Amino acid sequence: MSSAGRSPVRGGWLDPGKEFKPGVRPRKRQLGLALRALCRLLRSDDPRETGERFLKQAEAAKRLDCTADELSRYLNDARIPPQGFLECLYKEACADAAASGQDVGISLEALLGLHISALGEQRGCEHCLEMGGRIDSLIQQLNAPCPACAAHQRQQEGRRQQRKRLATRLRSARREEARLRTVVADLKVTVADLKTALTEKAATEAGLRERLAAAEGTRAQLPVPRQPRDRQLSTRDVSAARQLVAQAEELDSSGREDLALTLLRQSTTELLTPAETALVVAELRHRERDRLADDLIHVYGRDQENQDVMAVALELHEEGVPDDAGAILRAALG
């Protein structure tokens, strides 16, 4: 720790709380406290010292041209030092304080005023007592803060605190602005991605509709009367579809809707043709198993190839259920 931050050893000769000897009057106490403060500023001037330290009482007495006993009485007893001792101590303390960057804390005039006041107190001289009182009053006035300066300091402190609060709010606002800019940029990217996805889906849907329209035109050109082999195949298709729907209906009625949907999904995707799948959907509508029909349309359109989905959509359109044909196309696009 630096010398400015060190405190004298408690109980030592420089202890600021050391008790005065009995019988020491108030003015002499004030002078003794001022002398102690000046002695605490004295430092060793020995070049062999590695750091600054407080002087021992004997060292300080030798430097002030007095004995250690006299110095102790000046500081702690009723004995009042001569003016020459005060001037010597003040000079030495100012030199050491300047070297260590400290403030003496009292002027020579104020120190001499305390000396005069203590002498008057000792002699009982009314004039000296009056002069001591005036000096004490002047010292108090000098030490008291100026009201205008104190008000100005409070005003400056208030302004500093206000600027500090405003700076904190400004930093917070800038951080929030940066965060919002990041959020807006992310939203713009998301919107752009959604627009691209919608455009791609719209193009895919348009292509599927064109293919559906082309396929419908091709089917319209087929001969109206089917060959006996086609009618025989249609009969088998209807029989297989009805048999599958009957099994699914039995499972659905017994509360096992998940098993019913699993049966329909596996059969339509692995065993049945698109034409038979369309017949299954139509049969489910006929038997008012709309939930199973909707789930089958969604699963088939989502999982199957576009070519199979298109074929089922055509068959549904032929069966007179265009809403289901559109639904299975939307499921394929979704």
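Reply: The crossing of helices H10 and H12 is right-handed. The model under discussion is a predicted one. H10 covers residues 274-286, and its axis lies 8 Å from that of H12, at an angle of about 50°. H10 is therefore oblique to H12. On the H10 side, the residues in this contact are Pro274, Ala275, Thr277, Ala278 and Val281. They meet Asp308, Ala311, Val312, Glu315 and Leu316 of H12. Sorted by class, this contact of H10 with H12 comprises seven nonpolar residues, one polar residue and two charged residues.

H12, which spans residues 306-318, also packs with H13, formed by residues 322-333. Here the axes come within 7 Å and cross at roughly 165°. Because an angle over 145 degrees counts as roughly antiparallel, H12 and H13 are therefore described as roughly antiparallel to each other. The crossing of H12 with H13 is left-handed, whereas that of H10 with H12 is right-handed.

In the contact with H13, H12 contributes Asn306, Val309, Met310, Val312, Ala313, Leu316 and His317. Their partners in H13 are Pro322, Asp324, Ala325, Ile328, Leu329 and Ala332. The residues of this contact divide into 10 nonpolar, two polar and one charged.

Read together, the two contacts place Val312 and Leu316 of H12 in the contact with H10 and also in the contact with H13. Asp308 and Glu315 of H12 are listed in the contact with H10, while Asn306 and His317 of H12 are listed in the contact with H13.

Methods. Residues numbered from 1 in each chain as written. Predicted model: local features only at pLDDT ≥ 70, side-chain atom pairs only at ≥ 80, totals over all residues. Heavy atoms only, no water. Axes fitted to C-alpha atoms, helices over the stretch in contact; angles between N-to-C directions. Helix = DSSP H or I, 4+ residues; strand = E, 2+ residues; numbered from the N terminus. Parallel < 35°, antiparallel > 145°, perpendicular 65-115°, else oblique. Left-handed = near helix turned anticlockwise from the far one by under 90°. Contact = heavy atoms within 4.5 Å. Nonpolar A, V, L, I, M, F, W, Y, C, P; charged D, E, K, R; others polar.
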